Every structure is written in C-alpha cells, then in structure tokens.
Amino acid sequence: MSAGYPFSAVVGHDDLRLALLLNAVHPTIGGVLVRGEKGTAKSTVVRGLAALLPAVRVVEGCRFSCDPGAPDPNCPDAPHDLVDSTRAARLVELPVGATEDRLIGSLDLERALTEGVRAYQPGLLCAAHRGVLYVDEVNLLHDHLVDLLLDAAAMGRAHVEREGVSVSHAASFLLVGTMNPEEGELRPQLLDRFGLTVEVAAARDVDVRTEVIRRRLAFEADPAGFAAEWAAADRELADRIVAAQRALPSVRLPDKELRRIAALCASFGVDGMRADLVVARTAMAHAAWRGGEAVEEQDVEAAARLALPHRRRRDPFDEPGLDEEQLQQALRDAADSAEPPLPDDDPDGTDGPGGEPPPTESSVDGNGSGGQSQPAAVPDPAFRARLLAVDGVGEGAPGRRSRARAGFGRTLRATQSGGHGVHLVGTLTAAAPHQTTRGRTGAGILLRRTDIRHAVREGRESNLVLFAVDASGSMAARKRMSAVTGAVVSLLLDAYQRRDKVGLVTFRGTAADLVLPPTSSVEAAVARLRRLGTGGRTPLAEGLLRAHRTLTTERLRDPRRRPLLVVVTDGRATVPLRHDPVEDSMRVAGLLAADGVASVVVDCERGPVRLGLPARLATALGGTCVRLDELSSDVVTGVVRAARGAA
C-alpha cells in the first residue's frame, strides 16, 4: 500500500498499532520489530504512524534538528542563533543496500579537498532525529549496520570516529524494523536489542479480508477523499499521543508492579536485565496511553505480550513466540511475588508459595522431559564447528566466512583503477607534488581526474553452502546418523552466524532430492534435516549430479556469491548412473571440479575396515577431506580451506 494511507483506516493489526503508539509515547522503549509474511500491510501501518506524530520545533539552519527550548550543547552546528521554525516529524527509510557512511555520516570530501577543512557530512541517523527511522527487511541488513543503529536508538546519540572526524550528535528516533522470517532470522543478540516485537499475518476471517479490500479500493479510487474521511480519527489519535507524552513523567510505577515485572521476566528465564527495563517502560507508556496515574497489572500484561516473545530464544534455531496460556500462567505465578515477602517467609527464596519450588523455565515453556520420544536419528549435541572457507579472494556479499575484496572491510592500499570509494590519503599524496605547477594559491587542493585514488579493502564474504547428505542404509545406524545429523546442525549453526545462504540435498534409495533450495533461512534447513528419513541404497553419483545442477542454477542468479559444497558421506556408492557406482561418482565429481566449485568431504566411515572412498572423492572434487570427528574446533583447531577445483 502506498504512503498516505490513514493509520486509523488499517483493519486489524491491533498489537502492531499498539506497539507503535507506545513507542511514540515513550521512544526509549527501543523500537518495534515487525515480523510477518509479505503482503500484510507492515509498511502501510508504519508510514501511517509518521503522520500522527506531533510537529517538531527546530533551530533554523541546524542540520541536527536541535530543539530551540533545549539545544544540544554538543551539537556540531553549535553555537545556534536560536531562531526556531516548525516542521513535520520525518519518516526516514534506511535501504537494505545502505553503507556505513550513509547511516552514520562521513567526512565531507568536497569541502576537505576544495577548502582544506575537515567537515562532517551527516547521515540518516541525523535525519531521523526526533522522527521515525524505518528499516524494511532489517534481517537482510548487514549485522554491523544493525548494531550501529540499535546502539544509537538505545543511547539517543550517534558517535562517529573515522577519517579524522570525531563527532557526537543527538539521534533520538522511533526505530521500526520489518522482516519476513522466510528470508532468514535476525540473530538472537540483535533481536534482544529491539524493545518490542509483533507478529503479523493476513486475516483468515472472510469479513475482515472483505473490509481490507473495500477500504483499499476506496483509497485507490480517491486518495484525498479517503484520507479526509479518516482525518478526524487520525487527529484524535495524534492528540492522544501528545496527551500521553505529557502525562508520562507523572505516571507512577508502584513497587508491587515492579516486583511483578521482575518475577515475570525471571519466570521466562530471559537473559540479562534489558527485558525487565523494557517491560517497565512499556507498562508506564501503556498506563499513560489509557489515562492512568499509575501502572497496574493490565499494563504489565500488555507490556509482557509485546516485550517478551522474541527474548525467549535461547538457541538461534528456536522459534520466537509466546503462547497466551503460558503468559497467563506466568502472570498467575508472578502475582504471588508481587507482594513484598513477610518476615516469616523463606528468606533465601528457595521455596515458592506453600513451600513449592518456584516455576522453572521448563514449567513455563512446556518443554520439559514429558514429551514424546524423538525419531531414531536424534541429533547429537551441537558443537562449535571449525571454519570451512573457500580458498582465494571473492567479491560476494558481506559475511564472515571467506576472504573478499569489496566496499567493506579493512583498507589495504590505494589504487588508481578498481577499488571502492575514494582513498583520501592516496588522492592527496598523488595531488600534492603538482600543486605548485598547477598554480595553487589558496587553502584548497587543486585536483585532476588522474589524482583520484580508490581504496582496496579486504573483508569477509558470505557464501552459498550446499550440503549433500548421504541418508542411505549404510549411514542409518542409530549412533552414526545421530552423529552425522548433529555435525550438520553444527555446520548449519556456523552458517547462520556467518550469514551464509544454505541449501540441502539428500540422497538415498535410487534418487537424490533438493530438500531445501538455497535460502537465507538456515532455520528451514535445520527443520528439514531433523525430519530426514534414512535407509536404502547409496546413489552418491545422483546426489552429486543434483548438487551440480543446483549450483549451476544459483550461479546464474547470483554470480558473485561463491559456492561451498559440503558432502557428508561414507563414500560407499551402490547405485550406478551408467556402469560402476564408485567410478560414476568420481566422474560427476570431476564435473564439479571443472566448474571451480570449492568442496569439503566429511568422512563418515567408522570401524576397523575403512575403504578410503571419501578421501578419493575429495581428490576427484579437487577439495578437502575432513573426518567427522575433526569438525569440532574443540578437537582440532585451524581453518579448513576448500580449494576450488581447477578447470
């Protein structure tokens, strides 16, 4: 839906609207992360909110939007003349492809080179001050940029230390991020930094869907008339935001409710104290929003529903969420802790009411030991995997696996051709010897096109990690398949942390299946792996051929992303493509090597009799062979470099 759609006209999404409004009342809550499938009006609701925010008074001419009533004494544009003007609150959008310079600002190269002065060019954090910073597809944004904007949102200031510039400026904004979980999750550490999280989905109720269509068509037919129809409702919400902002400083947080908040967060076993603080701030904003003078249980409940679901993830592959029944049970348990303990009560807190042990995390989340037993191939515990890296230097998307030269990472040197961005020192060094002959008389530097030097930077890229997993009968022994599944889960966890795309090919019986096409959602790969069936013969050649076809297709879609093929097998092929199963497998491996695919073979052979087939397969692939028990960095240290096969 386009910008300008009235906030009040959005059908449903009550939790999302409430989360946004509470952040507008109390921006230090820490923003809102909106998770949901595509086409659920996430962006529409966010853009509608910006129109509700009160206009802001700013110092005229100040690039950092200082408040005339309380100008920032450390503002880079200070001292101010304190001539004020009024403007609407801004909605600033951070695109997925934004650079660090665009986000936090950088040295003003034009002034540096022409006037010889160091000047700061503000970024999007500055533009968003006292407004809304909207990040669509925040899960696709590089982690270090997410860290930067979350730091600024938490502290209310942006700090820039780079290129000889040291600047600190106010950056208080309402942060809103949206994401589609199908395209990959945020790391739990980053999820925790968002104050509130809301799950949105398309309504399944026919009446609701009908009303959504009716309003949308009416808006498209007459945008101005539709907006006028809802103007009164939007004005009422805008006035209520202002009233709640004014009332917020006088809202009381009684000790009883403070204890309720602490008990509730403790019962869910959340890490750290951020959850407690966010719930407290959200409860106070909710009390101000409903016109209350003090926080009550209903405010704590509303805050917990928005602030706790995403903080229950203890493992990167855990699903965020909070069941309503779990929340109500936790609130009932926390009610007893809300009252201060009596002198006769158990002083060390080892027993709960009535001498019963306090609720543990397992009793709250229902994940105790009373569930059904798992299938035979229960994965062994995950471990910290050794780094599997593609040899050489690539030019792929930012990540943490293989070496890459692109517009990120540390600067190696200056170059006249190629490179990314201007290398300031190199440019000045090239121009300096010619200033006299060019007739320089003032403070500026006289430049020619031939003086410009670019920075050669080296960082880390993400890769496409395609797993080809042998699920045949020779691998199906209970202990072996558990170890294999645990190892692959560990490698998937490593891929998650290194921001890779992953795919999963399995082969058994007489065929190979692309169980999961290449995706950024590592969680989906883990889910498919845990449902993996085993048994039958070993069509190794067919599995390698399916991997070859998959990688060929992906190279056309994303030619810069280098692939890494991880083959998990004991090498005992039993299904031929044409003649001999083993020789057929070696021939297909040669095709992969000829295409320059970097490969690692995980040797799953066990027992006193070993045929050495995985090592032979690795040689045919032009790759590396690693035994299953050598994948853990706790057992063997060092990087496994997967050499690319030569054509």
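Predicted model: local features only at pLDDT ≥ 70, side-chain atom pairs only at ≥ 80, totals over all residues.
Numbering runs from 1 along each chain as its sequence is written, and side-chain values use heavy atoms, with hydrogens and water left out.

So, the strands. S16, residues 501–508, pairs antiparallel with S17 over six bridges; pairing takes at least two DSSP bridges. Helices (H or I, at least four residues) and strands (E, at least two) are DSSP runs, numbered from the N terminus.

Zooming out, six strands make an open, mixed sheet, ordered S17-S16-S15-S18-S19-S20. S17 (511–519) and S20 (624–627) are at the edges with a single partner strand each, so one side of each has no neighbour in the sheet.

Next, H19, residues 540–557. Its 18 residues reach 26 Å from first C-alpha to last, close to the 26 Å expected at 1.5 Å a residue, taking 1.5 Å times one less than the number of residues. Which way does H19 pack its buried residues? Against strands S15, S16, S17 and S18, plus helices H20 and H21. Among the buried ones are Leu540, His548 and Glu554; buried means under 20% relative accessible area, with a 1.4 Å probe and protein chains only, and contact means heavy atoms within 4.5 Å.

Key. Buried < 20%, exposed > 50% of the residue type's maximum accessible area, 1.4 Å probe, protein only.
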